[in-house]
Amino acid sequence: MPKLKNHEKGVGSVFIIAIVVVLAVAGVVTWQLTKKSSPKTPSSTNSTNTANTSGSVSSSCLKAYNDNALCAFAEHANISNQEYVATGTATNSTGSKSTYTVKNDGKGNTEVTYSSNGQQLSSINLDGATYIQTGTSSSWLEYSGTSLGAATAAPNPTSGFKLDFTTSTPAGVSVTKEGTTSCGSLTCYKYKVIDSSTPTATEYVYFDTSSYLLRQWTSNDTSSGISVDLTFSYPSVTITKPSPVQQIST
């Protein structure tokens, strides 16, 4: 099997700072719902029960939030099971920007293109294998089986999304409805999310008023200086094996 070339070995160091930036912020997207803390009824302000919704909503969500729109969105919040394309930017404290595009087929397969400091890293996760391509290479490196642990995939800022709305939300998380706003050609509900454990980070979630699908997510942390802006669309997505491919063994 072919060995990694020097420039391929160095791909981790090229992107390491940018990857840390994105993943550090992406972890906030869980809204801290996976933290081990004592649950309580979640806080929601400026929420009303006047939205017209299509389809059923969770009675436990309505009891917790008293917000039809938010609970209708909760029915579609598990984006890992949906076909979507997410595009966005991450900005660090020095103003340096990274861009990325994430494609998800709803079947556990993803394709990510990531650019930072004029260099590009692409990766495909498909059927248990990871394929990686740098901007300087025409071929893809295939990692599977025992070699998977050696793969440095492009960061996926949507991988931690768990926008759940349940009565087990940890203490200190508040969700505030801030009305509606335009999001592309659609109209979206806008919600602000604050977690008291990370008081300097403010998140905004935007979902459209007709299908209640996530359309935009932003986060800004005044302490770290990191901000992320993601936009979502929902076309048909097919992830295929790239070519040409070189298999990597460890």
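1. Basis. The model is predicted: local features need pLDDT of at least 70, side-chain atom pairs count only at pLDDT 80 or more, and totals for chains, interfaces and linings use all residues. Residues are numbered from 1 along each chain as its sequence is written, and side-chain values use heavy atoms, with hydrogens and water left out.

2. Aromatic pairs. Rings of Phe, Tyr and Trp (its six-membered ring) are paired if their centres lie within 6.5 Å; planes under 30 degrees apart count as stacked, over 60 as edge-to-face and the rest as tilted. The count by this rule is seven aromatic pairs. One of them is Y100 with Y114, a stacked pair with 6.0 Å centre to centre and 5° between the planes. Y100 belongs to strand β3 (residues 97-105) and Y114 to strand β4, so this pair ties together parts 14 residues apart in sequence. Strands here are DSSP runs (E, at least two residues), numbered from the N terminus.

3. Burial of that pair. Buried means under 20% relative accessible area, exposed over 50%, and partly exposed in between (1.4 Å probe, protein chains only). Y100 counts as buried at 2% relative accessibility, and Y114 is buried at 0%.

4. A second stacked pair. Y191 and F207 are stacked, 5.4 Å centre to centre with 15° between the planes. Y191 is in strand β9 (residues 186-195) and F207 in strand β10 (residues 201-208), and the pair links these distant parts of the chain, 16 residues apart. Both Y191 and F207 are buried. Ring pairs also join Y191 and F207 with F73, Y189 and Y212 in a cluster.

5. Charge over a ring. The charged end of K190 sits over the ring of Y204, 4.7 Å from the ring centre. The rule asks for NZ of Lys or CZ of Arg within 6 Å of the ring centre and within 35 degrees of the ring normal.

6. T110. This residue is in strand β4 (residues 110-116) and counts as buried, at 11% relative accessibility. Contact means heavy atoms within 4.5 Å. Leaving aside neighbours within four places in sequence, T110 contacts K103, N104, S123, I124, N125, N156 and I239.

7. T231. This residue is in strand β12 (residues 226-233) and counts as partly exposed, at 38% relative accessibility. Not counting residues up to four places away in sequence, T231 touches V85, A86, T87, R215 and Q216. T231 and V85 are 146 residues apart along the chain, with their C-alpha atoms separated by 8.2 Å.

Terms used:
Helix = DSSP H or I, 4+ residues; strand = E, 2+ residues; numbered from the N terminus.
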